Each structure stands twice: as structure tokens, then as C-alpha cells.
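Hi,

Here is the structure I promised to pass on. Have a look at it first, and my notes follow below.

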Amino acid sequence: MPIIQQAPGTEEVHPDIALVNRAREGDVQAFEKLVKQYDRQVFRIAQHITQNREDAEDVVQDAFLKAFEKLDQFQGNSKFYTWLVRIAVNESLMRLRKRRTGRMVSIDEDVETEEGSMPRDLAEWRPNPEALYGQSELAEILRKTIQGLPPGFRVVFVLRDVEGLSTEETAETLGLSVPAVKSRLLRARLQLRERLSRYFRKNEDGTR
Amino acid sequence: MNCSEFLAQLGDFLDNQVPTGLVGELQAHLEGCEHCVITMRTTQKTIQIYRNHEIYELPPALRERLEAAILAKCKKGC
């Protein structure tokens with residue numbers, strides 16, 4: 001596998017770092033900017049993991065408060081956003097465990113399924129298939145579909161493909177190896193594809 | 001290259017992370033396999049749809065309330 005190396009001296013300082021430094025010195029307005037920049041993403045991630053609106057709201061609050069308290073521990077060798085996401089993922093998993101009392105929940109749960117390894121639905125999709133559904137109907141289809149994934153696949157897909165973290169960042173955030181992230185991501189993508197095919201495939205007579 | 005071997009590389013292929021030497025082999029497989037073309041295209045579309053559609057939107061009123069609560073606690077020193 002090719003290793004991408006950055007030439008020395010070309011590292012750019014992310015604008016968040018200046019805000020973090022100000023927030024560390026007690027500048028709450030600087031921290032407010034970070035909150036406003038990332039609260040929607042944190043909410044989305046929390047909602048994807050917990051599948052519960054109230055829990056997701058709590059996660060947003062707790063994740064930012066924990067980040068604020070622990071700003072001194074932020075090393076600056078990862079992005080602030082990635083660091084924040086790691087806190088949010090842990091908070092979300094904790095809430096999920098509380099809801100499923102007595103059951104251990106981790107991102108390793110339910111990943112040993114064989115489903116989705118080989119594509120079964122081999123039909124072509126209609127062109128621009130999402131346009132055939134109303135906005136809320138489509139959102140419902142997408143929610144229902146992704147909710148069916150095992151949590152360990154879902155979180156990898158969300159971080160990597162929805163939130164745009166790199167494979168390495170996703171691995172670091174979840175404490176997984178890069179090959180484990182890649183394998184889960186592929187299976188998540190293939191399972192989602194398979195399930196969405198039901199809604200998006202071309203019918204044999206060419207109608208919806 | 002057969003379909004299973006192609007599928008094993010599909011993730012990296014979609015992310016443009018396949019080692020250069022392997023790209024030609026994957027493309028050659030696609031030329032002769034309609035099923036893998038469909039699988040690749042629809043998987044790509046799956047990612048694109050999830051990326052482009054917000055399915056868990058944070059409503060503005062709730063967002064304001066959460067931001068106010070967070071910052072109030074920060075000002076108090078958490």
C-alpha cells in the first residue's frame with residue numbers, strides 16, 4: 001500500500017487550533033465558535049449511534065462540555081474535530097449501553113455477520129433515483145436503511161462516508177486498525193447498496 | 001481477476017486508493033463484467049446519496065437551546 005508522506009515544513013496549522021488556544025485561556029467566545037461549527041455534525045453522529053433523539057441531545061451537550069474541560073489534554077497532533085468526534089462517539093456508546101441495560105454494546109458488536117459480502121441484487125438503478133421520492137419520504141428510506149446496519153458497521157460508514165473523516169482518522173477515532181475500518185466500510189457500503197436497491201432499482205418494465 | 005477479487009478491492013477502488021499496478025486489472029475486469037459495473041456504480045451512488053441528504057437535521061430552535069446551555073455551563077467553569 002502506498003504511504004503518503006508530507007514534505008517537511010508544509011504542514012498547515014488548522015484554524016481551529018487558534019480557537020482552541022484562546023478557549024484554553026478561558027475565552028468562551030472562541031469556544032462558542034467551535035460549538036457552532038461542529039454541533040450539527042456531533043448531533044448527527046450521536047443520533048446515528050444512539051438512534052434516540054434525547055440521547056443525541058445529551059451527547060451534544062456532554063461532548064462539548066467534556067471537550068471544554070479537557071482542552072488541556074488536546075495534543076494538537078490530530079484535528080480538533082477528530083478529537084471531538086472521538087469524545088462524542090464514546091459518549092454515544094455509553095448512552096446506548098445505558099438503554100440496553102445488561103447488554104454490552106461496543107463497536108465490535110454484531111460485526112460477524114456474513115450478510116452483504118456478495119451482492120445479490122444486480123439490477124441497474126433508475127437514473128437519479130432519489131428524485132422519485134419526496135424529501136421526507138427519501139429521508140425516511142435512508143434512515144430505515146442505515147438503522148438496519150450493525151452498530152459497528154454503521155459508525156464506520158457515518159464517520160468515513162457521511163462526515164468525511166479519512167480512513168486513518170476513523171481508525172484512530174474508533175480504536176480500530178486501518179484494515180478493520182476498510183473491511184467494515186466495504187461491507188457497510190455493500191449492505192446499504194443492497195437494501196437501497198429495493199427502492200431504486202429499475203423495474204423490468206421500466207416503471208417505478 | 002474474478003468478481004470476488006474485484007469486490008475485495010472495491011472499497012479502495014472507490015476511494016482511489018488502489019496501488020497503481022492493480023488499477024489496470026480492475027478496469028479490465030470491469031470491461032468484461034456488467035454485474036461488477038452495476039455493483040460499483042450503485043455503491044458509488046449509495047455513498048453519494050447518504051452524503052448529500054441530511055437525515056438527522058438539528059432543528060434551529062433546539063440548536064440554539066443546546067448552544068446556550070453549553071455556553072452557560074462553560075462560563076460557570078462547567
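Predicted model: local features only at pLDDT ≥ 70, side-chain atom pairs only at ≥ 80, totals over all residues.

How far apart do the C-alpha centres of domain 1 of chain A and domain 2 of chain A lie? They are 22 Å apart.

Before the rest, some housekeeping. Residues are numbered from 1 along each chain as its sequence is written, while chains are lettered from A and ligands numbered from 1 in the order in which they are written.

On confidence, the model scores ipTM 0.91 and pTM 0.86. Chain B averages a pLDDT of 92, with 99% of the residues at 70 or above, that is, scoring at least 70. Within chain B, α3(B) has the highest confidence at 95, and α4(B) the lowest at a mean of 92.

Back to chain A. Its domain assignment gives domain 1 (15-99) and domain 2 (129-200); such bounds come from an automatic or database domain assignment. Ten residues from domain 1 of chain A and twelve residues from domain 2 of chain A make the contact, where contact means C-beta atoms, placed from the backbone, within 7 Å. On the domain 1 side, α2 (28-50) and α4 (80-99) of chain A are the elements that give two or more residues. Helices here are DSSP runs of H or I with at least four residues, strands are E runs of at least two, and both are numbered from the N terminus. That domain 1 side divides into four nonpolar, five polar and one charged residue. For the classes, Ala, Val, Leu, Ile, Met, Phe, Trp, Tyr, Cys and Pro count as nonpolar, Asp, Glu, Lys and Arg as charged, and the others, Gly among them, as polar.

The largest nonpolar core has 57 residues. A core is a set of buried Ala, Val, Leu, Ile, Met, Phe, Trp, Tyr and Cys residues joined through C-beta atoms within 7 Å; buried means 20 or more other C-beta atoms within 10 Å of a residue's own, exposed 12 or fewer, and partly exposed in between, with C-beta atoms placed from the backbone. V42(A) is among the residues with the most contacts inside the core. Leaving out residues up to four places away in sequence, V42(A) touches V59(A), V60(A), A63(A), L84(A) and A88(A).

Helix α6 (residues 151-162) of chain A is worth a click: twelve of its twelve residues are buried. Its cover includes α2, α4, α5 (135-147), α7 (167-174) and α8 (178-200) of chain A, together with α3 of chain B. After α6(A) comes G164(A), with a positive phi near 80°.

Chain B has four helices and zero strands. Its C-alpha trace spans about 65 × 25 × 15 Å along the principal axes, and 18% of its 78 residues count as buried. As for the interface, 29 residues of chain B are in contact with 40 residues of chain A. α3(B) gives the most to the chain B side, with eleven residues, and by class that side has 16 nonpolar, seven polar and six charged residues.

Cheers

How values were computed:
Contact = placed C-beta atoms within 7 Å. pLDDT = per-residue confidence, 0-100.
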